[in-house]
Amino acid sequence: MKKSIRRNAFIAFCILPSLLLFSLFIVYPTINVFKTSLYQDSGLGNKAIFIGLENFKAMFKDEVFYIALKNTGFLAATTIAPTLLIALFFAALLTSGKIRYSNFFRTVFFFPSILSFVVISILWSFIYHPTMGLVDSFLGIFGVELELPLLGNKYTVMWALAITMIWQAAGYYMVMYMAGIDSISREIYEAAEIDGASSSQQFWRITVPLLWGIIRTTIIFIINGVITNSFTIVRVMTNGGPDRDSEVLLTFMYNHAVNANMGYAMAVVVVVFIISIILSVVSNRLTGEHAVEM
Amino acid sequence: MRSKIARIIALVCMLTLVVSLFAGCSSKKEQPSSEDTNTTGDTEQVDKEKPDEQAEKESDTKEFENKELDIAIFQGAYGREFWDALAEKFMEKYPGTKINITANPKLGDMIKPKVVAGNLPDFIYLNVDDPSGVIKGLIKDNALMELTDVFNSKALDKDALIKDLILPGFLDTVFCTPYGDGKIYGAPYNYGVMGLWYNKNYFDKKGYKPPKTWDEFFALNESAKKDGRALFTYQGIYPGYLEEIMIPALYSAGGQEAVDAFLGYGEGFWSSDAAKKTLEVFKKIATTDNALMKGTVALNHTQAQTEFMQGKAMFCVNGSWFEGEMQDAPREEGFEFGFAGVPAFNEGDPVIALVGIEQMYIPAKAKNPELAKEFLKFVYTDEGIRLNGEKAKAVLAVKGAVDAVKEYITPSAYNCYKAVESGMHPVVGSFKPVASGSKINISDEVYKPFSSIMNRQMTVEEYAEKMEKVYKQVRDELAAQGN
């Protein structure tokens, strides 16, 4: 009896520092977010007024909120699947052993994901530059001249931003998948080869099902990543422009937070939080049945 | 043998890592250059022993109960050297006082938690439009100390009231009297002059004259086209820069009345003649061939300004800081900064320039307001003016300051300021604060749609209609608050 109490006490003692930090830096701010969203709060310490759900009511009438919601949804829809598919494809390709210098390619593909987001945003601002950018020069070869700049045209701006985000993220997930594939025993592939399976069949029938656990996890990561990283990309490349056509939920939130509307901004955060959770739960359910253990 | 060496190397590496962790604990020495302080802020204790000679001279300066002053300085293009130097001089003159300076490029974000905790500095130099929104919030929350008494008092080094030293009209602007009730809450610091810029060298060579009216401006489009450049560009993703045209043009079209209606959310403003005339200018820029430089809407400020300096556009809007800001930027052969102000509508009317004022504040909950006010008065002494020019390369909003600091500022900046002094009419203005708790960010609402206008995806009529609705909402919110 004594021993188990001592042991439990010891375990509690070891956990305590982490628990403390966790509570202080994660639990407390989260509770604060939910609390502040119910107040009219300038965020500067002066008299926060309790207004209940008024912030949320105002948000659902705010047309910029819907633009931001639409844009964030657009980014999710256009970057999640392509990023993961590209990552999966290159992971399989580079681990198949049939590509020379695969280490070099792995480094090159992974490189964008370690660059700072501000650097990436500025880099792509110049790639999309209306007169001296790579894209403009490239289109010039075919004699195509765009009337409006890519980042200044409400019909193309979100697509341009989506491409930047795919470019940034694919390498990161590719490396994760490569690690996963490495753990699949070679013998399975050899057996399939002997049975006459083509590379494509091997990919879809062996690699993907066995990686399914990892793929499910990366889906949750990338949902989070899209929402979080869209902030820097939008803020630096377009500042929400033209005329708020590239606002995303986080830039919308930020603009209100610095405009002394902290309560309203926190209400947006609550909504983002709920959306995030719903997306994760839904994607978990949808991808739950196909797991294969080997 | 091999593994022993490997273990020693591993141990050394680990020790290096551990020791380097403690590098962050070293106390920071005072670094006068402004490039260093871009991560953490320094709270400096600039404490000085007074030399004995000074003690006898300064017996006529006031004695203060609380001798410690906390000042917070936004460390932007003007750096922090001015404040360090001024504080030193102040502590010499007022023996026994101690000034603690917190200076940071991200001052707004830095002092926000202090503000929230109720631990405000005694004196703040930070503009109302700082992205952190700290000053905007303090104004909305009525958390600033009234400074009218400071300006009604005698200057420290001459026989005049401080308010008479300030350039005319500045103290009446919304920067200084945010609530429109005549009470001063913001003290003017530096001022900048804004308007259209052109390449003086290019104009002289080609024999072009800077436009005095909008008709002359658009007439230059023909010449621009022949020379292979667009007429105009601006800082695309930051359409707020267009206020440098908007406000002066409104002034030219409808006088101070129109400007006040614009900045004060006047009813029916957007269907007024002044508004219509002004919006016509933007419509013309958007719809006339060659008027707007290609790709403008997507460019950030550095890109647009560089394109202008490389001769891709004839005119660009910006302020007196232009030359200093772009000193390392590439430019076309022989480029010279020329300031043209903003053209008038009627032949014979003066050209106009938008003037912006930087601001200093004292929070209502400052712990040492007495000393803070004395320090504020000290800023406006001749010494302060000169130091500001020397260290910050800037011009205080005080009469005669421009010539006092001529040697310290760029030639183009000097010309800007002199232009205002010699005929170019200065217009000052900033939006009146919206109701506290309002979700409307008025400068976003007014200027962001210009991207759509320039893209020809919105007509100026649609814009005016939209703005009329926004203005009504602002008025309603202010009325509900009792304003």
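This is a predicted model: local features need pLDDT of at least 70, side-chain atom pairs count only at pLDDT 80 or more; totals for chains, interfaces and linings use all residues.
Student: Okay, now the largest nonpolar core: how many residues does it have, and which have the most contacts inside it?
Tutor: The largest nonpolar core has 204 residues, and those with the most contacts inside it are A91(A), L161(A), V268(A), F232(B) and L250(B). Its largest share, 14 residues, comes from helix α7 of chain A, residues 157–182.

Student: Why does this core lie between domain 1 and domain 2 of chain B?
Tutor: Domain 1 (42–191 + 357–409) and domain 2 (193–355 + 430–481) of chain B both give residues to the core, so it lies between them.

Student: What is V268(A) in contact with, leaving aside its neighbours within four places in sequence?
Tutor: With those neighbours set aside, V268(A) is in contact with M59(A), L249(A), F252(A), M253(A) and H256(A).

Student: Switching topic, where is S113(A) found?
Tutor: S113(A) is in the loop of chain A that runs between α4 (102–110) and α5 (117–127). Not counting residues up to four places away in sequence, S113(A) touches Q168(A), A169(A), G171(A) and Y172(A).

Student: Why is S113(A) called partly exposed?
Tutor: S113(A) has 17 other C-beta atoms within 10 Å, whereas a buried residue would need 20 or more and an exposed one 12 or fewer.

Methods
Residues are numbered from 1 along each chain as its sequence is written. Chains are lettered from A and ligands numbered from 1 in the order in which they are written. Helices (H or I, at least four residues) and strands (E, at least two) are DSSP runs, numbered from the N terminus. Two residues are in contact if their C-beta atoms, placed from the backbone, lie within 7 Å. A nonpolar core is a set of buried Ala, Val, Leu, Ile, Met, Phe, Trp, Tyr and Cys residues joined through C-beta atoms within 7 Å. Domain bounds come from an automatic or database domain assignment.
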